[in-house]
Amino acid sequence: MNNRLIITNGRTMLPSGIETGRDVVCRGGRIEALPAAGRIVPEPGDRVIDAAGNYVAPGFIDMHVHGGGGHDFMDGTVEAFLGIAETHARYGTTAMVPTTLTGTEEELLNTFAVFREARERNRRGAQLLGLHLEGPYFSARQCGAQDPRYLQSPKPEVYERWLEASPDIIRWSAAPELEGATELGRELARRGILASVAHTDALCEEVEAAFEAGYTHMTHLYSAMSTVSRRNAYRYAGALEAAYLLDGMTVEIIADGVHLPRPLLQFVCKFKGADRTALCTDAMRAAGMPDGEYLLGSLANGQRVIVEDGVAKLPDRSAFAGSVATADRLVRTMIELAGVPLSDAVRMMTATPARILRIDDRKGAIREGCDADLVIFDQTIRIKTTISLGHVIYDIDGE
Ligand SMILES: [Zn+2]
C-alpha cells in the first residue's frame, strides 16, 4: 500500500492549466505530490508510467449512465454492474452514477441491493458513486423512451420507502410540475440528494419555483423537455428557458454529436458555460458494442430498440432511445464538432460533474490530496491508460 505510482513525461492537466515537466505521484489511492519532473527518484516497489507526451487528465466522471458492454443496470445482476463499470473504464471513465429506468418497485429494490454488492466487488471498473433514479415521476408528454406504464406522481409514502431502502441514492430526476414534486424536491435537498429536472412539460415559472424548492440541475438538456410554446395566442417559455435564466441551475448534455447538433452544443457552451455544463453519456447497454438490436431497460421488461448511426432509436425511428456514447467520444465531440478548447471539454467531463455531485473536494481535479483517478490520452482523446484510486484499471497495451 505504501508503494507509489509515478506518472512521468505527460502533459498534465492541472486546474491552473496544462503543464509539461511535472510528475504525478500517487500513494494509497491519493495524489500525493506534483513535483517537477525527475525530482522524485523511484524506489523499489514504485511503479512508473511513462505517459510518452500524452495528456494526463483527471478521470472522467459520468453522472448519468444506464449501461454498456451489453449490460443494463436494470438487469439486476452484479455481473451487469461490473461489466458496465469495466466497459466504460476502457473509455476513460473512473467514476459513474448508475442510473435506473422506470420499472416495477420490485426491480428497483433489487437494483438497490445489487448496487451495494457490486460496489463491494468492483475491482477493475469505474467507481460506482451512488444511484441515480431516473423516474418514475415524469410527464406523460415527455417520457421519451421511458416505459409509460410505470409513470406516476411522487407520493411521500412511496419515495420515503425507497429512500429508506437505499442509502446510496445520490441523485433523482423528476418532472417538477407533477403533483407532489415540490415536496419531493425539498425532501431530496434536505437529504443532500441532487434533485434534477427531467422529462418535463413544465412552464418556465414552474421550473423557477422548483429551483427554489431544491431542483438545482437539469437532466439531458433539450431532450424530453418543454420549450417555447403557444397556448391561445399567448406565448410561454418552457423548462429549457429556465435553464438559461437561472444562473444557479446546472445542466448536463448528451454530447455524442447526435442528440444535439453543433449549434446547440455551442449554444449551451456560450450561454451556460463549461463550469455549469457537464457531459454525460446517458448510455444504454449497446455502448462499446456493435450496431444491431438491443433491449432498452431490463432484460425482463425492456423494450426493443435499434442501434445505428452511433445512437439508439425506437424501432419506428421516431425518437432516440438513449445513447451508445462513451466519455472519450463526448470530449472528442465537444472539441472536434463544437470547437471547444480541450481544457474546457475535459473540465465538462471532470471538474464540473464533480462539483455538481458535490464530490469536488476529492474528485475531478489533479490536485494534491485528491483521489488518484487519472486518465492518459492522446490528441484525439484515444484512451491509453485509466487509473482509479491509484490502480491501473485499463491499459491499451493490455493488462
Ligand atoms: Zn437516462
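**A chat about contacts, a sheet and domains**

User: Leaving aside neighbours within four places in sequence, what is Y215 in contact with?

Analyst: Y215 is in contact with P176, G185, A195, S196, V197 and A210, once those sequence neighbours are set aside. Contact here is between two residues whose C-beta atoms, placed from the backbone, lie within 7 Å. Before we go on: this is a predicted model, where local features need pLDDT of at least 70, side-chain atom pairs count only at pLDDT 80 or more, and totals for chains, interfaces and linings use all residues. Residues are numbered from 1 along each chain as its sequence is written.

User: OK. Is Y215 buried or exposed?

Analyst: Y215 counts as buried because it has 33 C-beta neighbours inside 10 Å. The cut-offs: 20 or more other C-beta atoms within 10 Å of its own is buried, 12 or fewer is exposed, and in between is partly exposed, with C-beta atoms placed from the backbone.

User: And which strand is Y215 in?

Analyst: Y215 belongs to strand 16, residues 215-218. Strands (E, at least two residues) and helices (H or I, at least four) are DSSP runs, numbered from the N terminus. Also, A189 is 26 residues away from Y215 along the chain, and their C-alpha atoms are 7.8 Å apart.

User: Switching topic. How many residues does the largest nonpolar core have?

Analyst: That core has 124 residues, and F81, L279, A312, M334 and M349 have the most contacts inside it. Helix 1 (residues 78-89) gives the most to this core, six residues. A nonpolar core is a set of buried Ala, Val, Leu, Ile, Met, Phe, Trp, Tyr and Cys residues joined through C-beta atoms within 7 Å.

User: You mentioned A312. What does A312 touch?

Analyst: Not counting residues up to four places away in sequence, A312 touches several residues, among them M284, Y294, V305, V307 and F320. A312 is also the bridge partner of V307, sitting in strand 23.

User: What order do the four strands of the open sheet come in?

Analyst: The order is 21-22-23-24, with antiparallel pairing. Strand 21 (292-296) and strand 24 (320-323) are at the edges with a single partner strand each, so one side of each has no neighbour in the sheet. The twist averages 35 degrees from one strand to the next. Two strands pair if DSSP finds at least two bridges between them.

User: How many bridges do strand 21 and strand 22 pair over?

Analyst: Five, in the antiparallel sense, with strand 22 covering residues 303-308. E293 has I306 as its bridge partner in strand 22, and Y294 stands opposite V305. The two strands form a hairpin with six residues between them, and G297 in that turn has a positive phi of about 95 degrees.

User: What about strand 22 and strand 23, how many bridges join them?

Analyst: Three bridges, with the strands running antiparallel. Their hairpin has two residues between the strands, and D309 in the turn has a positive phi of about 55 degrees.

User: Last one: which domains does the assignment give?

Analyst: It gives domain 1 (4-57 + 365-395) and domain 2 (59-356), and the bounds come from an automatic or database domain assignment. Their centres, taken over C-alpha atoms, are 30 Å apart.

User: How many residues of domain 1 are in contact with domain 2?

Analyst: 16 residues of domain 1 are in contact with 19 residues of domain 2. On the domain 1 side, strand 26 supplies the largest share, four residues.

How values were computed:
Axes fitted to C-alpha atoms, helices over the stretch in contact; angles between N-to-C directions.
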